[in-house]
Amino acid sequence: MQSISPVFSSATDKDKKYSPPWADLSIIGIAGSSGSGKTSVAMEIVKSLNLPWVVILVMDSFYKSLTPEEHARAHANDYDFDCPESLDFDVLVQTLRDLKQGKKADIPVYSFAKHQREPQTTTLYSPHVIILEGILALHDPRIMELLDVKIFVEADMDICLGRRIMRDVRERGRDIEGIIKQWFTYVKPSYKKYVEPQRAVSDLIIPRGIENRTAIDMVVKHIQGNLEEKSEKHSAELTRLGLLASEEKLSPNVVVMHETPQFIGMNTILQDPATEQVDFVFYFDRLAALLIEKALDVTNYIPKEVHTPHDNSYQGLNQAGTVSAVAILRGGSCLETALKRTIPDCITGRVLIQTNEKNEEPELHYLKLPPGIEEHENVMLLDPQMSSGGAALMAVRVLIDHGVREERIVFVTCAAGKIGLKRLSAVYPNVRVVVGRIEEEREPRWIEKRYFGC
């Protein structure tokens with residue numbers, strides 16, 4: 001089905017753009033000799049921040065896969081892993097650029113036992129801060145342009161050698177003789193040639209690693225200030241989008257359920273505080289099923305001819321492709337019973353978005369989408385109640401970042417505030433919305449509490 005263009009507005013498309021909190025993320029680069037304590041410093045920063053959106057990205061993941069000849073040399077401890085040529089900087093730079101733009105990235109998994117990249121990758125999406133840790137984290141000029149803070153960790157080379165021996169024996173299955181041979185043949189010369197020069201381009205030099213609490217606290221406070229600034233900017237943008245959307249008419253892509261006597265009767269039961277929970281669940285599931293059925297009306301179909309048992313020809317319709325659904329937790333789970341009754345084999349995913357009570361900013365805490373969701377013909381986004389539209393904007397952005405085309409998304413909600421609806425359709429005009437009723441602005445979320453009884 002063709003989506004309908006939204007009502008014309010004097011505001012430009014650029015004015016209506018939504019940027020999530022993880023766009024333009026902060027990247028901290030930590031370089032230093034092998035065994036200098038880079039990983040310990042990175043982990044101490046993460047521990048001190050105590051936030052779910054800070055990720056350590058280890059440069060070791062971007063080692064190049066070796067040829068059979070290079071593989072044999074590596075097992076004989078005769079291959080230089082400490083020179084820039086051993087790392088795939090092109091892939092690393094593109095990964096950082098994608099993450100900086102708020103996109104998802106597939107991080108390679110490197111096996112030190114096999115000296116090869118594994119077939120599987122690790123998906124990374126929506127970090128607010130990345131700590132890039134590696135001996136050459138400050139080497140490539142393209143990476144330097146992306147870094148917000150550049151750190152060099154230094155330690156006595158004899159201490160570094162001792163730490164490397166312990167790590168490679170315990171974690172990588174190496175023998176001590178081979179480790180020492182590689183250290184003096186490759187590691188120490190590469191330190192002088194490639195690693196130590198990074199000291200001069202760093203913003204902060206941390207001697208003694210995690211023992212240097214003053215330096216680590218400086219980094220932590222800088223990151224905290226940066227995150228607070230971005231949070232304030234995001235909240236201000238949501239407010240601006242709300243004011244912009246309030247001037248527009250409701251988009252034709254928003255379908256409000258017709259208020260039949262049956263529909264009004266069910267809403268009456270649901271909003272009556274005296275309704276028992278078992279009755280609330282029963283009538284909510286009935287109402288939700290009507291919403292899912294209406295949502296199916298705006299998904300895509302293709303013609304199909306069938307022959308009836310009496311050999312008559314019937315010109316019918318079939319779903320154009322796979323229809324999947326993503327529930328915005330926890331409220332979206334309320335709609336899943338109705339979803340399964342309407343589409344029994346529907347593929348489902350989960351996204352947990354919660355509003356921070358301090359600044360009213362939506363926060364992405366968890367994400368698990370169906371495999372191949374970008375190929376699905378339509379994706380229903382389920383949330384029983386939408387107030388300001390902040391979580392809805394974020395959820396739609398998540399789907400788009402994972403390859404789902406805007407016009408294939410159908411947002412399904414039982415109740416929504418008018419400004420929230422306008423804000424969603426102003427930013428994403430091709431998203432179709434099915435809503436049960438339009439409620440008072442900023443009404444507290446209560447449906448999932450009644451449905452689950454807590």
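M380 lies in strand 14, which covers residues 378-382. The model is predicted. A search of the whole structure finds four cavities of 30 Å³ or more, and a nonpolar patch on the surface is formed by I176, I180 and F184.

- The C-alpha atom of M380 is separated by 6.2 Å from that of V326, although the two residues are 54 residues apart along the chain.

**The largest cavity**
- The volume of the largest cavity is about 60 Å³.
- Two or more residues of its lining come from each of helix 8 (261-271), helix 9 (277-297) and strand 16 (409-417).
- Residues lining the largest cavity are N267, L270, Q271, F280, F284, L287, C414, A415, R437, W446 and I447.
- By residue class, the lining of the largest cavity divides into eight nonpolar, two polar and one charged.

- Together, I176, I180 and F184 have about 280 Å² of accessible area in their nonpolar surface patch.
- I176 is placed in helix 6, which runs over residues 176-195.
- The relative accessibility of I176 is 47%, so I176 counts as partly exposed; exposed would need over 50%.

Key. Residues are numbered from 1 along each chain as its sequence is written. This is a predicted model: local features need pLDDT of at least 70, side-chain atom pairs count only at pLDDT 80 or more; totals for chains, interfaces and linings use all residues. Side-chain values use heavy atoms; hydrogens and water are left out. Patches are made of residues with over 30% relative accessible area and no salt bridge: like charges are joined within 9 Å, nonpolar side chains (Val, Leu, Ile, Met, Phe, Trp, Tyr) within 5 Å. Accessible areas come from the Shrake-Rupley method with a 1.4 Å probe; for residues, only the protein chains shown count as cover. A salt bridge is a side-chain nitrogen of Lys or Arg within 4 Å of a carboxyl oxygen of Asp or Glu. Helices (H or I, at least four residues) and strands (E, at least two) are DSSP runs, numbered from the N terminus. Buried means under 20% relative accessible area, exposed over 50%, partly exposed in between (1.4 Å probe, protein chains only). On a 1 Å grid over the protein atoms alone, a cavity is a set of points where a 1.4 Å probe fits but cannot get out, and a pocket is an open set with protein on both sides within 12 Å along at least five of seven lines; lining residues have an atom within 4 Å of a point. Grid points are joined across faces, edges and corners, and a volume is the space filled by probe spheres set on the points. Ala, Val, Leu, Ile, Met, Phe, Trp, Tyr, Cys and Pro count as nonpolar, Asp, Glu, Lys and Arg as charged, and the others, Gly among them, as polar.
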